[in-house]
Each structure stands twice: as C-alpha cells, then as structure tokens.
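Dear colleague,

I am handing over the structure below, together with some notes on what turned up in it. Please read the notes with the model open beside them.

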Amino acid sequence: MHQNQPFRASIDVMSGRPPWVGRKAELGDLQGLLGAVRRGGGGCALVEGPPGIGKSSLVREAVRTAGGDDVLLLRGSADEFCVSLPFQLVTEALRPVRGAESAPEPGSLWGAGARDPLAAGVQQALAQVERACAVRPVVLVASDLQWADEASLAVFGSLMRLTVQLPLLLVGELTTGSTREEVRQLRRAVRAHGVRAIMLGPLNADEAAVLAEKLLTVPLSPSLRDLVLTSGGNPLYVRELTGAMVREKRLEVRGGQAHLVTGPESGRRLPKSLGAAIADRVGCLSKDALEVLRTASMLGTTFDSGELAAVVGWPVDRVVEALNEASETGVLTDTGAAAEFQAPLLRQALYESMPITVRGLKHRQAAQVLSAGGWPAERVAAHLSLAGGTPDTWTVNWLGSWGTALLSRVPELVRDLLQRATDSMARDDERREPLEAVLAMAAFLRGRQPECEELAARVLARTEDPDRAGEMTWLLAYTLLSQARGAEGIEAVVSAPARWELSPVWRARLCALHALLLVMGSAPQDESAFPVLNRALELGRAQGDAQSIAYASQAKFLYCVQRDRYEESRACLEEGIAVAADAPQLTDVYLIMLTNNMVAWEEIDLIDRAWESARAVRKRAIEAGTARLQAVLVSAARLAYMVGAWDEALADLETAREMPMMHRLTVLVRSIEVLIRMHRGEMDAARDFAEEVGDPDRLNPTVRITGEDIWRIRLAVAEAAGRQEEVRAILRRICDDDVLTGINDAYVLLAPAVRSAQYLGDRELAADVLAAARREAERDVRPKVRAAALWCQGMVEAAPQPLREALAYYREVGRVEAFGCAEDLSVVLAQAGDTEAAKAAMRVAVEGYLALGATGDLDRADARWRELGLRRGAQGSRKRAATGWGALTPTEQRIAELVAEGLSNPDIGERLYSSRRTIQTHVTHILAKLGLRSRGEVARAIAYRPGSWGALPIRYV
C-alpha cells in the first residue's frame with residue numbers, strides 16, 4: 001500500500017504561462033499563415049471566442065512553434081480604458097518601430113484646427129507598418145479588439161486591406177459578445193475581405209484533463225478528472241481551478257495519481273465557476289498587494305509601473321514588494337517595459353471589486369496626481385472621464401487650462417468632458433464661457449455646424465472679452481458661410497467692432513472674412529468687395545498677421561477669377577501662400593490656396609507648374625491628415641485627366657472614395673471616373689451614372705457649377721442609344737447662355753457637341769453650337785477657350801486651318817484634347833481629299849488613344865475613318881494588354897521598379913509626390929495585372945520582364 005504524499009505545486013499552476021494542449025486544426029491554420037508571410041506573402045486572421053478560452057495562448061503558441069527571428073513580432077492589447085483614448089492599442093503595438101513624433105501644442109483655438117489628429121495618426125501608423133515590412137516580414141497581433149478605440153480599429157481595417165500586398169500577418173483577438181457598433185463594422189469588413197476566422201470553442205474532455213495533468217505534473221485520479229471536467233473545457237477555468245486546489249492544499253498523491261482531499265479539515269469550498277475562481281485567486285492576495293493591484297486595474301491591462309507608483313503614493317520599495325507578490329501568484333506578468341495582468345479577467349475582477357463611488361474617487365485622485373506629476377494630459381482626461389459624476393472645481397479648472405490643447409489630440413473625449421462640465425454649471429457661472437468657447441471650436445472641427453452656431457452665439461451674447469468675441473465672431477460667420485448664409489455672416493462681422501473694443505489683429509481678421517463673405521456672395525459685376533479686400537490686406541500687413549493676409553489673399557483670388565483676370569488671380573495667391581506656409585494653424589486655408597494655385601497655373605497652360613503645386617499640396621495635406629486631402633486628391637485627379645494621366649487620376653479618385661465625402665465631391669469624383677471609363681468604351685458605367693444623376697439643370701448649384709462632365713456623359717449616352725431627339729434637346733440646352741455661364745469649364749462641352757450635331761446631320765444645330773462657342777470665347781479670354789472655339793469652327797466650316805491651330809496649341813501645352821482634335825482634323829482633311837495629311841493627323845489620334853487606353857474613342861474614330869477609306873493598319877495591334885507587363889501603365893511601371901528596389905509605399909509616395917494610399921492602390925493593380933501575390937514576387941519577376949517599358953506620347957504623365 002502506497003503511503004500518501006503531499007502535493008508539490010508546479011510553477012505553471014501559480015505563475016507561469018499555461019502549457020499548450022489541443023487546438024491542432026486552429027494552430028495549423030495560424031502556422032500556415034505564418035509560413036506564407038515568411039515567404040513574402042500576407043494574411044489576416046480573426047481569433048474569436050469567450051473569455052478565457054485561450055485566444056492569446058493560441059497565437060503565442062503559433063508564433064513560438066514557427067521559430068526563427070526573421071519575423072518582427074508586434075503586439076498591442078486593449079481594455080475598456082482604451083475606448084476613449086485614440087491609438088492606445090496601435091501605440092503599444094508599434095512602439096518598437098515608431099519614429100519621432102511631434103504632437104501640436106496649439107496656443108489658441110485656431111491651432112486646434114491645424115490638422116485632423118485621427119486621420120493623420122492613422123496614416124502615420126500605416127506608414128510605420130509599411131516601412132517595417134520593407135525590412136522584414138511583420139506579424140502584428142491586436143488583442144482584445146472588442147475594447148479597441150475607434151482609431152485603432154480604423155488602422156486594423158486599413159492594415160487588413162494591405163495584407164494583399166505586404167509581408168504582413170495581421171491577427172486580431174476578439175472576445176465574443178461585444179455590442180459596439182465599431183466592432184460590428186469590423187466583423188462586416190472581415191467577412192467582406194475573406195479573412196480567416198478562427199472560432200475557439202472549449203477543449204474536449206481528454207484535452208482538459210491533459211491540461212490539468214500538465215499543470216499539476218502528475219496524472220489525475222478519476223474523481224479529480226471528473227471535477228476538472230466541470231470547467232466546461234475553458235482553459236483559464238482549468239488553470240484557476242487547479243491553482244485553487246494547490247493554494248488550499250486540497251491535493252495529495254496516492255498511487256501515482258493526484259487526488260482531491262475531502263473532509264471538514266480540507267478548507268474552503270472550491271470555486272464552481274470561472275468568475276468564482278478568479279475571485280478566489282484575488283482573495284488570496286495580501287492587503288498591500290490587493291490595494292496596489294486594484295489601483296493598477298484602473299490603469300489598464302498593461303500599465304506603466306512608474307505611473308502606478310505615482311498614483312498609489314507609497315514608498316517605492318512597498319510598491320515593488322506588492323508587485324513581486326502579484327507576479328509570484330501569477331496575477332501579473334513583467335513584460336520588461338511595463339507590467340501586464342496575466343488575464344484580462346483578473347484585472348476586471350479587481351476593478352469591479354471596488355464600489356462605483358470608490359472607483360470614481362480613485363480616478364479623480366489619479367487624475368490630480370498624474371497632472372501634478374507632468375504625465376500626458378490625455379491620461380489625465382481619461383481618468384476624469386471614468387470618474388463620472390459632476391465635475392468638481394479642480395476638474396473644471398483643469399479643463400479650462402487644457403481643453404484647447406486636447407482638442408487636437410482627443411477631440412471626442414475632451415468634448416464629452418466639457419459638455420459634462422458645462423451641463424453642471426449655472427447659466428451665469430463665469431467659468432462656463434471659456435469652456436463653451438472650446439466646445440464651439442470642437443463642434444466646428446467635427447462639422448457639427450448647428451451646434452457650433454448655437455455655442456458661438458451663446459458665448460457672444462454675454463462675453464466681455466474682446467479677443468474671445470473676435471474668435472467667436474469669426475467662427476460664427478465662417479459657419480454661416482459654410483451653410484450658404486453669407487448675409488447673416490456679413491451682419492455678424494460688421495456689427496462686432498461696434499459691440500467690442502476689438503484688438504487691431506481681430507479687426508484685421510474679421511475684415512478679411514468680411515471680404516471673403518462679400519466675394520462668395522457677389523456677382524462678377526458687383527464691385528462692393530473690392531475696397532473691403534484692399535482694406536483687409538492693408539490691415540493684415542500692418543499687423544503682420546498671417547491669418548488676415550491668407551484669407552484676404554484667398555478672397556482676392558476668387559474676386560479676380562470671377563472677372564476672368566487669371567494672371568492677376570495667380571499673383572494674389574503668392575502672398576497668402578508665403579505667409580501661411582509656416583503657420584500650422586492656417587493649414588486649411590493654405591491647402592485651399594495651394595489647390596487654387598494648381599488650378600491657376602493650369603488655367604494659363606503652365607502645366608509643369610500646375611504639377612509642382614499638385615505635389616506640394618498633396619504632401620502638405622498628407623502630413624496634416626486633414627479631411628481637405630480628399631478635395632486635394634479630386635483636384636489633382638481632374639488635372640491628371642486633362643493631361644492624359646488617366647490611370648493616375650483613377651487611383652487618386654479611388655483613394656478619395658475611401659474617405660467620408662460631401663455630395664458635391666461624390667458627383668465630381670463619379671463624373672471624372674465615368675468620363676474616363678466612357679472614353680475607354682465602358683458605356684454601362686456612363687448609362688448608370690446618367691440615370692442616377694438625372695437632369696443636370698435640377699442639380700444643387702454647388703454641384704451644377706462643376707457639371708460640364710455630366711452634360712458630356714448624358715450627351716454620349718443618348719447618342720449611343722440612338723435617341724436623336726434627346727440628343728437635340730441636350731444640344732439646345734448646351735447652347736443656352738444660362739447653361740454655359742453657370743458652368744466653370746463649359747468650353748469642354750462645345751467640340752463634342754458639334755460632333756454630336758454632325759452625327760445627327762443637323763447643320764443648323766452645329767452652327768448654333770459654334771455661335772455659342774464664339775460667345776464663350778468672347779466672355780472667357782483663356783487660350784484653351786479660344787482653342788475650343790477654333791476646334792468648333794474647323795468642324796462646322798470643314799476648314800483645316802482652325803483645327804491645325806487648335807491642335808498645335810493642345811500639343812504644345814500637353815492637353816488631352818489633342819487627340820480628339822487630331823481625329824476631327826483627319827476627317828476634315830480626308831473629306832477635302834488630302835489623304836496624306838489626313839493619315840498624319842490620324843496617326844496622332846491613334847497614338848494618343850492607344851496610350852490612354854481610349855478604346856471607345858478609337859472605335860468611334862475607326863468607324864468615321866472607314867467611311868472615308870482610311871485604315872490604321874498595324875497600329876491596331878498596339879492596344880494595351882489586359883494582363884502581363886504590357887498591361888501596366890507608365891506610372892505603374894515606375895512604381896513596380898521602386899517596389900523591386902525594396903521601397904515601401906510611403907517612401908514611393910514621397911519620391912513620386914503622391915499619397916501612400918494612392919501608391920497602395922497602384923500596387924494592388926500591379927499585382928492583379930501581373931498575377932502575382934506579393935511585392936517580393938514583383939522584385940523577382942521584374943528582372944525577367946520582356947522588352948522595354950516604352951513611353952507615352954503625352955508630355956505630362
């Protein structure tokens with residue numbers, strides 16, 4: 001008979017990582033993805049299951065068994081404290097690869113609007129991952145995604161799309177049961193992208209028993225096995241249950257097996273649930289360890305020991321002793337840079353063991369301690385948010401000092417705190433006014449115009465501070481302008497000097513805004529804005545105030561454009577751009593002016609200078625992370641369309657579509673894209689668009705003013721369908737001056753309109769279009785408008801010389817109209833019997849159409865040429881291939897070479913003055929056209945590509 005032996009606990013039971021058991025299929029899935037990423041591919045997996053089921057253990061085991069140090073492992077985790085702090089999960093994960101960061105510290109409300117911190121942070125995080133992937137494969141693990149903040153979830157979603165082209169394995173760990181809408185959206189995105197979903201269920205009976213035996217290092221008796229199986233196969237419960245048996249000395253070894261000691265002397269009852277097991281573990285801690293860990297539970301699953309020591313307020317050695325006890329009992333794990341609760345449920349149990357009122361007091365106390373110790377204001381704000389209740393005097397004063405700065409870093413968090421503070425104050429509380437001023441700016445930055453208007457007006461109704469009155473008047477008037485209520489905005493800025501003794505600086509700023517309001521609401525014949533413009537510039541220069549000069553310069557630019565003074569309009573921008581370039585708080589107007597400068601150079605046909613401006617404005621918009629980037633990309637795409645860089649235009653438009661978009665830009669983006677696809681013969685897209693948009697006359701005025709492409713698409717759709725009466729009706733509308741004068745670039749409609757009239761055989765209607773073109777050229781002195789009139793004249797009068805003049809202009813400046821003009825010149829020459837000259841013009845058209853991939857235009861031209869006996873012969877075989885190296889555009893070819901050099905998307909973007917998102921789009925297209933799966937395959941394949949790249953006959957691509 002064997003003597004009973006006391007049980008000696010394995011270190012694994014109390015403090016080590018749990019041993020691995022089972023999950024062969026799930027482990028194989030992750031190992032397969034790891035193998036693919038090490039070979040240069042990418043992948044994504046979402047590991048989901050209930051608390052304690054072993055999600056993190058599965059990922060750790062997969063990484064451990066993969067072996068090797070050729071993969072960079074990045075890991076970040078979230079908890080409920082992360083929800084209100086942007087980028088907490090991402091910041092933790094990217095700490096090993098994060099470069100130097102510079103967060104803005106605005107000194108006024110205007111500094112808060114310098115950039116969009118969330119958009120900029122997302123782009124910065126993606127760039128860091130892409131650069132890391134250019135060095136070696138990366139595995140990024142995001143734990144507890146159900147608690148991740150919105151910005152971190154946005155990064156995760158964007159990285160998910162990047163795995164198709166990067167050596168990146170993205171693994172998300174998600175606890176089931178989350179009701180957050182952001183998490184639901186993530187699940188939808190996961191399904192849409194075909195991400196590997198790994199649902200973890202419980203261990204089976206044999207696996208649960210094996211896990212317990214590995215933890216105890218001795219076989220289980222049948223009765224003890226039955227007890228372990230009450231865990232339901234939850235690995236964490238198995239571990240906590242066995243740990244409780246060890247702590248309570250409830251085990252003994254008999255006959256080489258572990259048995260449960262029973263009887264009245266056996267101590268407390270064993271926990272009958274996972275929650276009870278966690279509580280049992282926590283309840284065994286000493287008083288000091290329990291107090292320290294409860295405080296630590298307020299700081300998150302992973303916490304800084306220095307921050308903990310500051311909040312606890314004890315001597316360091318006492319805190320260290322408590323932390324050591326927590327580590328020995330397996331509650332904490334030391335990760336080197338920080339301490340971490342070994343299981344989120346342990347932290348949750350400690351946190352919830354404190355009464356809600358006690359938690360609130362401790363969070364408020366932590367906020368005060370961290371603020372006094374110089375810890376980041378975001379952490380202070382997070383504790384104040386979690387404190388709940390009515391903000392006390394200290395909190396209100398702290399918000400008055402830090403609210404403005406936090407607008408640029410945690411806008412939603414500070415807005416909620418400010419709202420809570422102001423809601424608790426009486427209307428006549430003198431502390432209310434500065435807080436509401438910050439709330440007004442917060443509403444402005446988030447596009448909440450009615451809220452901004454209400455708050456600014458409320459502050460103005462009672463403030464006696466002249467500078468605050470100036471700020472709020474500016475904010476109110478600009479908000480009214482954005483709601484097409486310029487007259488009310490003018491009233492606000494005009495009345496302000498009479499109500500307050502404004503400083504010279506604010507007088508200058510409001511005068512500049514007054515000028516902008518006048519210009520935006522005036523007709524070209526109205527000269528009332530001119531003296532205000534000059535006065536604003538005079539005041540701004542006298543004060544040396546960049547804001548006044550920038551907005552006055554922008555207003556004067558618009559004033560000159562309205563009056564077709566294009567040379568002068570470009571000069572107006574130079575001063576404003578110069579003063580705003582080094583003023584971060586003027587980023588928005590600076591981007592507007594740079595975009596306008598790009599347009600201004602294009603207006604006077606200096607395309608090289610226009611591209612320089614496009615590159616500059618792209619770079620600044622990307623750095624700022626501002627929502628203005630979308631408008632910048634659309635403007636750049638418009639320029640790219642005009643000069644024949646159509647694939648570049650489509651890539652920019654695809655990038656712009658990923659962002660939240662105003663209706664006006666939505667229609668503009670669609671019209672440019674559909675116009676290109678229509679040229680390429682994709683008439684289904686044109687038909688759908690024409691039906692969706694409807695009658696251009698019924699569009700919103702802000703959309704109609706950029707609607708020349710909509711008219712062109714409707715005309716082409718009607719013509720392709722053979723609806724001749726509809727074509728006539730559209731042509732008659734185009735000839736009306738109210739249509740022509742209501743569109744910015746109506747001249748682009750005129751030559752296609754003449755061609756359509758000739759398609760109908762309606763000479764009278766063609767003559768009407770020519771007359772409209774001549775009227776437009778008289779009104780608008782730009783060379784491109786005169787060229788359009790010459791083009792129309794050549795077609796209507798069957799006169800080669802006007803067409804030659806127009807073609808020479810288009811080719812000299814590098815505009816895409818050259819190829820359509822060459823087509824029409826070849827037709828006129830062939831009709832006149834000059835076959836050789838017709839063939840020469842035909843070659844120009846064919847080369848251009850082939851380079852652009854304009855198969856729709858080429859098919860139309862072929863039909864016209866065949867009627868005249870012209871054939872293009874061997875040129876027909878030079879259409880761009882659908883796949884392979886020949887399918888790549890020149891831009892894609894250049895990017896493929898840079899990929900082969902090992903450059904990351906952001907580095908390629910910097911070299912080509914493009915956004916990393918646009919480069920990402922190009923790389924996706926490159927992989928699809930070449931039938932490759934990774935950037936590494938591009939590098940290997942490029943050395944064996946057949947032939948040379950060739951070149952486009954277009955100047956500016």
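A salt bridge here is a side-chain nitrogen of Lys or Arg within 4 Å of a carboxyl oxygen of Asp or Glu. This is a predicted model, in which local features need pLDDT of at least 70 and side-chain atom pairs count only at pLDDT 80 or more, while totals for chains, interfaces and linings use all residues. Residues are numbered from 1 along each chain as its sequence is written, and side-chain values use heavy atoms, with hydrogens and water left out.

The structure holds 70 salt bridges. One of them joins the side chains of Glu130 and Arg916, at 2.5 Å from N to O. This pair links distant parts of the chain, since Glu130 belongs to helix α6 (residues 117-135) and Arg916 to helix α48 (residues 916-930), 786 residues apart; helices are DSSP runs of H or I, at least four residues long, numbered from the N terminus. Glu130 is buried at a relative accessible area of 1%, and Arg916 is buried too, at 6%, where buried means under 20% relative accessible area, exposed over 50% and partly exposed in between, with a 1.4 Å probe and protein chains only.

Another salt bridge is formed by Arg458 and Glu436, whose closest N and O atoms are 2.8 Å apart. Arg458 lies in helix α22 (residues 449-462) and Glu436 in helix α21 (residues 432-445), so this pair ties together parts 22 residues apart in sequence. Glu436 is buried, with a relative accessible area of 0%.

Finally, a network of salt bridges links Glu602, Glu603, Asp605, Asp745, Asp780, Arg782, Lys784, Arg815 and Glu817.

Methods:
Helices (H or I, at least four residues) and strands (E, at least two) are DSSP runs, numbered from the N terminus.
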